[in-house]
Amino acid sequence: MTNQITTMLELAAAPVRALNPYDPGHDPTAVKQLLGRSTLCELGSNENPFGPAPGTYTALAEHASMLCRYPDAGARVLKQALAQRYQCDPAGFCIGNGSHELLVQLAQTFVCPDDEVVYSQYGFAVFGIAARQTGARSVVVPALPSLGTDVDALCRAFTSKTKLVYLANPNNPTGSFVSASGLEQILSALPMHALLVIDEAYFEYCDRAMLPDAASYLSAHPRLVVTRTFSKAYALAGLRLGYLMADPAICAVLERTRLSFNGNLLALVAGSAALDDQVHMRTGVAATLHTRAWLAEALQTLGLTVYPSQGNFVLVDFGRPASPIEDALLQRGILVRPMGGYGLPQCSRITAGLATDAQELIVALRDLL
Ligand SMILES: *Cc1c(COP(=O)(O)O)cnc(C)c1O
């Protein structure tokens, strides 16, 4: 098998040969089998355990009989619902199979092998994968000591070759964010021929007094793209649904490279229904923020360093290799996300959701440390 992979890899395009697959963390199904358990305390994937709005299940059931049909080709209904929610033009949206697809499609569509793609050290892992598969040069800007994006250094990294700039706000896995003045600095430094992609996967969890709503800059900045997802606050990670907001001219270009029917029928229907129940979404977000604060304090009480986070997770530094601790947690059925792939081997990323899960983790850590 390994030999065959080596042989097949020689057939692959040069940029693909240099690529590593996306690392989804632990495989809960495999871990359940390994431990002989039916449930786990899953804190490794920033999922939202409060689940989607009740209305999404009704909508899914109502559309089950439609599965022999192709989905709404232009995702027209969902785009209209999004346009109404955010008071903008439906032509300024693209729908994706998760926002991951859109982040990759942006690079595939706009980046040439001679271009440069700029993003921060510790930036979301998909940025590197998306950039590298185009054959372009990745310019990874060293982060601040706080692990956050160094906005000055990011702007200094812009050149005549910069085509795409990725910034997750807040960033996963660091939880760090760029303020409105930082975003404005990036927008004014952005070269004429470059796109700025702000990944707002955690938009609904953010403190709006601290983080800018990047979409409010769209009308003044036609090369700004904002990606968001239904995977986190809307709790639809399993259906795969994300969207982007941009100038309709950018959306029209992306339409050329979009896979046919990339938003599946059930995802589109569930997305509209989920948007309709803002109370459910906000209730889950409020409970998550409560758990996040409790978790951060409990981890600090154990003497650990916790990075401030604007997402539904915290990054914790154990001050020693995290993997033995992660292994011991796994034996107890508790999954957290290892950070070795990000160059942070002493850290783990822990999802905040149910208070009971957070308590279970803290009890286990108290025992282990
Ligand atoms: C979770 C996450 C996404 C969302 O991915 P989907 O493909 O929409 O599930 C995007 N960006 C960041 C930074 C994330 O953490």
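1. Which residues point one way from E10, and which the other way? In this predicted model, Phe313, Leu315 and Asp317 point one way from E10, whereas Val314 and Val316 point the other way, and all of them are buried. Strand E10, which spans residues 313-317, is accordingly described as mostly covered, with 5 of its 5 residues buried.

2. Turning to the partners of this strand, E9 (residues 305-307) pairs with E10 in the antiparallel sense over 3 bridges, and Val306 stands opposite Val316 in E10. The two strands E9 and E10 form a hairpin, with 5 residues between them.

3. E10 is also joined to strand E12 (residues 347-351) by 5 bridges, and these two strands run antiparallel. Within this pairing Asp317, which is one of the buried residues of E10, stands opposite Cys347 in E12.

4. A separate point concerns helix H9 (residues 180-189), in which Gly182, Leu183, Ile186 and Leu187 are buried. These residues lie on the same side of H9, because they cover an arc of only 135° around the axis. Ser181 and Ser188, by contrast, are exposed on the other side of H9.

5. As to what covers the buried residues of H9, the list includes helix H8 (151-156) together with strand E5 (162-168), strand E6 (195-199) and strand E7 (224-229).

Note on methods. Residues numbered from 1 in each chain as written. Predicted model: local features only at pLDDT ≥ 70, side-chain atom pairs only at ≥ 80, totals over all residues. Heavy atoms only, no water. Buried < 20%, exposed > 50% of the residue type's maximum accessible area, 1.4 Å probe, protein only. Helix = DSSP H or I, 4+ residues; strand = E, 2+ residues; numbered from the N terminus. Pairing = 2+ DSSP bridges. Arc of directions from axis to C-beta. Contact = heavy atoms within 4.5 Å.
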